[in-house]
Amino acid sequence: MRVGSEICNRTNLLNTSETRVGSAVMLRIFTIFAGAVVLCFAQEGNNTQKGRSRGSTVFLQVPQDIHYYVTRNQSVNLTWVADNVCKIQIKCAGKKFKEGDTGLCGKSCKSCRKRKKTRIVTLADFPKKIRTITCQCKVWAIRPVRTEKIILEKAYLRRNFGKVPPCQVASLNSTVVLPCAPPVGSPPANVTWYKIGESSSLFRNKGRRRVRSGRLIIKRSRVGDSGEYRCVAQNIAARREGPVIRVVVGERPMLLVGSEDAFYLSNTSNRRRIKAENVVSFDFSWEENWIFWSDKKSIKELSMHDGISRDTPFLYDDVGSVKGLSVDWEAKKLYWIDGQKNAIYVGDPQRKVKVKIIDNVPDSATLESVAVSHSKSFLYWTSSGGTPKIERARLDGSERKVLINNSVHFPNGLAIDESDKKLYWAGTDSYNYGIIEAVSLEGLSRTVLLYRRGFHPTALTFYQNFVYWSDSKKNAVLRLSCRGGESIVVSGLRNPTGVKIFHNRIGISVPATDSCLKDNGQCDHLCLYLPFRGRHKCLCEENFVLDENGKHCRKRVPEIKSTSTRATHSSHTVILSIVILLLVVMGIIYCAVRVIQRGCPCQRSQDVPRMPRQSNEQGEDLLAMIDQSELENTGSQTLNESSNLLGQDCSGEPSGSEATCEDSSQASPKDLVFYVQPGGVAIVGDDAQLHLHSSSPVRANPVTNL
C-alpha cells in the first residue's frame, strides 16, 4: 500500500513539474509571436512612410460619374480631394492645363500634402451655341496625374407640343387612349396628366386611369370620364402645359339642322323632324337637351326630346329684329343681334333684363352673326355692307377692335373652335363663290379652306377636325375636312339656315368665383361676370345710367333735358336765320327798285325845281332864293312849273307836249355850269340856274352831256 501511495505521489509531483515547464514554454512562445507581430506592423509602417516619402498620390474624393445638368437657376459644384500632392487644378470647356515638371514632389515642391479644389459651373462657362462641356482635374505629385472627364450639359425644354387630336368621342365601357407629345428637352421631360376641374394629378398606375409611356389610358370608360384633359411636361429646366383634349363619353353626336319650317336631328342612320317656323338662328342652352332659337321676332326655347317650345322674355314687334344668336353657357347669358337697331344685346332670361353692349348706327355696316369664346372671354361678330369686317370685344362690349377688314365680302356664319383657338367664318363674294376661311382668335394665320363656285354657306360649326356648314344652294349640310375635300352629310332640306353638333355636352360648370351667383352681384339690372378681370360688372338697360357706386341704375333725366334745350336753341337759330334772310332779300329788292328809278333822266330833272331868272342894275345875274316854305305855299304853281320844266327837259316844248325818256335821250346836249361862292349853292342845269348874291362869282368848267 505504501509503495502504491508513494508511486502516486511521485506521479503527481511529476505532473506538476511538467505543467510548470509547459506554461513557461507557452509563455515564451507567445512572447516571441507578439514580438514578431509588432515587428511586422512596424515594418509595414516604415514601408508606408517610405511610400509616402516617394510621392504616391491618393484621391480621397472625386465627383460622381453621372450626367450633370446646368440651368439658369441651378449650378453644379465639382470637388476633388487628393493626398500627397503639391498643387491641384480644374479646367472646363476645353481650357488647357500648364505642362511641364514644375511643382512635382521631391523636386521644386517641398510640401506635398492633402489638398482640396472646388469648381462651380454655371451657364456662363458654356461657350455660345454649345450645349455640352467637360471638366477635368489635374494634380502634381511625383508626376502629373489627370482624372476622368466629367460631362456637363445645358438643361432645356422647348415650348411646342406635338399635334394631338383635340377631341375624342367614346362609347360606354370602351378604352380611351389620350396621347401626349411633349416638347424636346434635356433631360427628357416627365409627363403628368390632369383633368381640368380636379386639383390633383391622375395616378400613374392605379385604377382605371393609367399613364404608360406618356399616354393616358382610361379603361371601361364612363359618362363621368367626360371632360377636358391636359398633359404637363416638366424637367429641371422648365414646366410646359400641353393642349387640352376633350373627351365625350356616351351617345354618339348628332347633327342639329335648322330650316324654314323645322329642326332636324340627324345621324348616319335616321332623321327626326321637330316642327318649327321661320328658324333664323339657334344655339345650345345650358340646360341639357334644350336650345335657344329665334323666329325673326322673338327668342324661344325648344326641347329636343318632346319638341315643346316656350317663350323667353325677349320679344319684338318688328319682323327681322332677331338675327344672330349665341349662348354663353358658363355665365348663362344670351347674346343676339337686333336687326332693326343694328345693335348687339346681352340678356338674362332668369331676371328678364337685356342690355345693349354694341351699337352700330343704322347707316353703317349691317351686323350679321355673333359668337362667344368662353376660353378667351371675347365676343366676335361679322358685318356686311359698307366695309365688311369681323370685329371682337369683351363680353361687356369693352375693348372693341376690328379683327379683319380686308376681303371679307359677305360673311354669313361664324364659329369658334375652342380647343384649337381658331375662328371660322363662311359666306360668299361678289362673284357668288362660296368661301370658308379660318384665322386664329387673335386675327393671325388666315387660311382659306373653301373657295368654289356653286356654294352658298349660311352657317357653320366645327367638330373633330371637320367643318360642317349649311348651304342654301345645295339645300344640304356638307362636311369639309381640314385637309381638304367636301362631302354631303344631310340632303333634301328646305333652305337650311343653321347647323350645330348635338350631343351629350361636357359638364359645364359655372366658376366658383362667379360673384353674380350671390344676390345678382347686388346689381339692379344685369350682372355680368368677367373672367379676364376676375370680378363682375353691373350693366343697365336702355334709358338708364349706372350710378357712381357701380351697382344701381337711374333714369337718364339730365340727358333728356339737355336734349330738349338743344332742340329749343336750334329752333330759335333757324327762325332768326329766316328773318335775317327775309330782311336781306327785301333790302336787295328795295335797292334794285331805287336803282331802276334813279336810272331815268326824267326823274332826276323832276327833282330839281326851276327858278326864275332875274337881273339887277349892274347887269349881273341875281339869284332869287326861294325858301322851302315858299315852295310849299305856292303848291300848284310849283307843280305846274315842274311839269313845264319836265316838258322842256324832255322835248324842249311846253308841258302840253308829250315827251318820254326816250325823247330826252335824243335832246340836244346842254352846258352845265357851277357857280361856287362861300356860303352859296351850286346850280345844275342851264334852264334852272340859281344865282348867288356875290360880287365875285367863280365859274367852273362846263361839263356837257350829263
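Leu 583 counts as exposed, at 55% relative accessibility, where exposed means over 50% relative accessible area, buried under 20%, and partly exposed in between, with a 1.4 Å probe and protein chains only. This is a predicted model, in which local features need pLDDT of at least 70 and side-chain atom pairs count only at pLDDT 80 or more, while totals for chains, interfaces and linings use all residues. Residues are numbered from 1 along each chain as its sequence is written, and side-chain values use heavy atoms, with hydrogens and water left out.

Leu 583 belongs to helix H2, residues 557–598; helices (H or I, at least four residues) and strands (E, at least two) are DSSP runs numbered from the N terminus. Together with Ile 575, Val 579 and Met 586, Leu 583 makes a nonpolar surface patch of about 410 Å². Such patches consist of residues with over 30% relative accessible area and no salt bridge, with nonpolar side chains (Val, Leu, Ile, Met, Phe, Trp, Tyr) joined within 5 Å and like charges within 9 Å, and the areas come from the Shrake-Rupley method with a 1.4 Å probe, only the protein chains shown counting as cover for residues. An unreviewed UniProt entry places the feature "transmembrane region" at residues 21–42 and 574–596, although UniProt annotations may be inferred rather than shown by experiment. Over residues 574–596 the chain is 100% helix and 0% strand, and the end C-alpha atoms lie 33 Å apart.

## A positive surface patch

Arg 210, Arg 212, Lys 219, Arg 220 and Arg 222 gather on the surface in a patch of positive charge, Lys and Arg being counted as positive and Asp and Glu as negative, without His or the chain ends. Each charge is placed at NZ of Lys, CZ of Arg, CG of Asp or CD of Glu. Arg 212, in strand E15 (residues 209–212), is partly exposed, with a relative accessible area of 40%.

Arg 208, by contrast, is buried at 15% and is found in the loop between strand E14 (205–206) and E15. The C-alpha atoms of Arg 208 and Lys 219 are separated by 5.0 Å, although these residues are 11 apart along the chain.

## Salt bridges

With a salt bridge taken as a side-chain nitrogen of Lys or Arg within 4 Å of a carboxyl oxygen of Asp or Glu, the count comes to 25. One of them joins Glu 391 to Arg 400 at 3.0 Å, N to O; Glu 391 is buried, with a relative accessible area of 4%, whereas Arg 400 is partly exposed at 37%.

Another joins Asp 396 and Arg 533, whose closest N and O atoms are 3.8 Å apart. Asp 396 lies in the loop between strands E32 (389–394) and E33 (401–404) and Arg 533 in the loop between strands E43 (526–530) and E44 (535–539), so this pair ties together parts that are 137 residues apart in sequence. Glu 260, Asp 261, Arg 273 and Arg 494 are linked in a network of salt bridges.

## Backbone features

Most residues other than glycine have a negative phi, and most peptide bonds are trans. Asn 342 has a positive phi of about 55 degrees and is buried, with a relative accessible area of 5%, while Lys 129, with phi near 65 degrees, is exposed at 85% relative accessibility.
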